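Biologist: Please show me the model, so that I may ask some questions about it.

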Amino acid sequence: MNFTVAMLCTLSGLLFALFSDVGSSFHVDWLLFGLYFHIDFIGKIFLIFSSLVWLMSALYSHGSITVHQKRYWFWFVVTFIGNYGLILSYDAVGFYLFFSLMSLAAFGLVVHSQTEEATHAAFVYIKYAVIGEVVLFAAVLLSVKHYGGVHFDLFVTDVHPVALWLFLTGFGIKSGVLFLHHWLPLAHGNAPAAASAVLSGVMLKAGVLGLVRYLPFGQEVEVLGGMALCTLGVMGIYAGVYGIFKDQIKVVLAYSSISQMGYIITLLGVGLLEPGLWDAIAAAIVFFSLHHAINKSALFMLSGEVMKNGLLIHYKIVGSVFALSLIGVAYTSGSIAKQMLLAPLSESSLLFLLLGPSMIVTALLMFRVYWLSRQIHQKTFVRTQALYILYPMALLSLLLFLLV
């Protein structure tokens with residue numbers, strides 16, 4: 001594997017995502033029970049922003065990964081295939097297989113530098129990943145038996161009660177849900193910046209998509225599951241403030257991801273409690289995921305440059321766009337995302353009250369990142385290739401506000 005293969009894969013994935021039609025389907029009958037691939041609206045948006053972030057990460061990796069390159073590109077491509085395949089999959093077995101491929105292959109990205117810290121982080125990550133896969137395998141078996149098939153179109157009535165909690169646990173690990181998140185700061189903090197970008201920007205959303213696919217959102221009320229997700233989501237948003245006590249830029253950004261994912265987890269909880277609000281919730285989740293994927297992945301790539309070169313003027317410019325957007329300042333994609341997020345929550349005065357001041361958490365974390373960046377000695381001569389990636393991503397972040 002090399003950079004050329006990675007570019008062909010990610011660029012092909014992005015082109016397919018852009019030009020494929022919503023409603024397209026195709027089957028692979030000769031494998032296992034037969035795999036079914038389908039593109040719905042949610043899947044198309046996930047394909048677009050996921051393949052875009054993978055493409056930007058590949059471009060950034062080309063200049064930043066200087067050791068063990070063949071091994072890095074192998075795991076990079078395999079993880080990408082798993083991520084892309086799970087988004088396309090529209091049956092329980094296919095989704096699980098690609099999800100497992102993505103989760104396990106990402107070990108190679110986390111451990112890449114092979115330092116003592118990276119090795120420790122990778123083995124913590126793989127322990128959580130394996131536990132998650134075992135839990136999900138049991139949940140898939142129970143669900144397939146319960147519904148009498150593997151097609152997601154069957155997963156629209158009441159979910160098996162044990163499978164519900166297994167899905168919440170397994171996908172909760174991948175989504176960085178509070179109390180299941182301990183792998184996340186370690187993995188994001190020790191993986192190469194380009195790998196951290198896809199880990200946070202894209203792979204966390206795979207757990208969200210898994211919950212959307214397997215649980216009967218918009219169909220059945222699940223009180224206990226919904227209350228659990230709402231509680232853990234709100235707690236996760238505010239627990240992210242723990243990151244302001246950390247001294248590594250990427251670890252602070254990891255806690256920011258935990259906090260940001262708390263919004264989506266809360267929305268999913270409301271979706272289980274209020275099926276009638278699901279259309280508005282689904283739209284909010286899709287846009288919030290798109291917004292977060294672009295801005296957070298770019299911040300992780302930017303952090304790699306800042307840690308090497310210091311906080312140069314160009315880094316301040318693009319970093320301000322990404323940081324202000326994540327905070328949700330007016331006239332950014334984050335402001336639109338927060339409006340879409342709060343609209344379904346207006347039915348619940350308690351949740352609306354709890355989430356109102358939550359942007360303060362992100363603001364504190366972004367200020368902590370800025371403060372740590374200022375402590376790094378500035379180099380006088382740096383490579384500027386990364387700016388050809390970061391400036392377009394900053395422009396795209398701004399355009400998201402104008403397109404909605």
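Biologist: Is valine 251 buried or exposed, and at what relative accessibility?

Modeller: This is a predicted model, in which local features need pLDDT of at least 70 and side-chain atom pairs count only at pLDDT 80 or more, while totals for chains, interfaces and linings use all residues. Residues are numbered from 1 along each chain as its sequence is written, and side-chain values use heavy atoms, with hydrogens and water left out. Buried means under 20% relative accessible area, exposed over 50%, and partly exposed in between, with a 1.4 Å probe and protein chains only. Valine 251 therefore counts as buried, at a relative accessibility of 11%.

Biologist: How far apart in space are valine 251 and alanine 187?

Modeller: In sequence, 64 residues separate valine 251 from alanine 187. From C-alpha to C-alpha, their distance in space is 8.9 Å.

Biologist: How many of the residues of α8 are buried?

Modeller: Helix α8 covers residues 193-214. The rest of the structure largely encloses α8, because the buried residues number 22 of the 22.

Biologist: How far apart are the end C-alpha atoms of helix α4?

Modeller: The expected span is 1.5 Å times one less than the number of residues. For the 19 residues of helix α4 (residues 92-110), that span should be 27 Å. The end C-alpha atoms agree with this, because their distance apart is 27 Å.

Notes
Helix = DSSP H or I, 4+ residues; strand = E, 2+ residues; numbered from the N terminus.
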